[in-house]
Amino acid sequence: MSRRWRRVMSRNAMLEREANPARATREQFRLLKRYLGERHPGGGMTEMEIRDYAGMVDASPVHTVVFEYRNRTTPEAEYDGSLQAAALTDVLRDGLSMVYSFYHPGETWRSLGTHMIVDHTQVARDRG
């Protein structure tokens, strides 16, 4: 792992990853809309409604999960458990395939997109 990637992982040490069944949630959709509005304004997906998102998430012919990345909940309320990033991921026999990912657009210092890629690489390695 490069020094840059180690720094990205360190900046996101407060995140917890959870692999959830591929089901669309309103919380995911709100984050997606915010991401699209700030990172891809005017793009074709910005007009997406929750039923469109649900169709994208729920209708997969292969085993798919949604990796959610949340701030760890801490007693001192430094972190609140809020959703920071998500990745719709196909789980294949020989690896993982990130179908679509999105993240909190106001947290650029965290390099959340890079974090998800490095984290997926580690998950795939751990799975053999």
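Student: Which residue is the bridge partner of Leu15 in strand 2?

Tutor: Asn71 is the partner of Leu15. One caution: this is a predicted model, where local features need pLDDT of at least 70, side-chain atom pairs count only at pLDDT 80 or more, and totals for chains, interfaces and linings use all residues. Residues are numbered from 1 along each chain as its sequence is written, and side-chain values use heavy atoms, with hydrogens and water left out.

Student: How many bridges join strand 1 to strand 2?

Tutor: Seven, and the two strands run antiparallel. Strands pair here if DSSP finds at least two bridges between them. Strand 1 covers residues 15-21.

Student: And what about strand 2 with strand 3, how many there?

Tutor: Seven bridges join that pair, also antiparallel. Tyr69 stands opposite Ala85 in strand 3.

Student: Why call strand 2 largely enclosed?

Tutor: Seven of its eight residues are buried, so the rest of the structure largely encloses strand 2. Buried means under 20% relative accessible area, exposed over 50%, partly exposed in between (1.4 Å probe, protein chains only).

Student: Switching to helices. Which residues of helix 2 are buried?

Tutor: Gln28, Phe29, Leu31, Leu32, Tyr35 and Leu36. Down the axis of helix 2 they fall within an arc of 165°, so they line one face. That arc is taken over the directions from the helix axis to the C-beta atoms.

Student: What's exposed on the other side of helix 2?

Tutor: Arg26 and Arg30.

Student: What covers the buried residues of helix 2?

Tutor: The cover includes helix 3 (50-58), strand 2 (64-71), strand 3 (83-92) and strand 4 (95-103).

Student: What order do the elements come in?

Tutor: From the N terminus, α-β-α-α-β-β-β-α. That makes four helices and four strands. Helices (H or I, at least four residues) and strands (E, at least two) are DSSP runs, numbered from the N terminus.

Student: How much of the protein counts as buried?

Tutor: Of the 128 residues, 41%.

Conventions:
Contact means heavy atoms within 4.5 Å.
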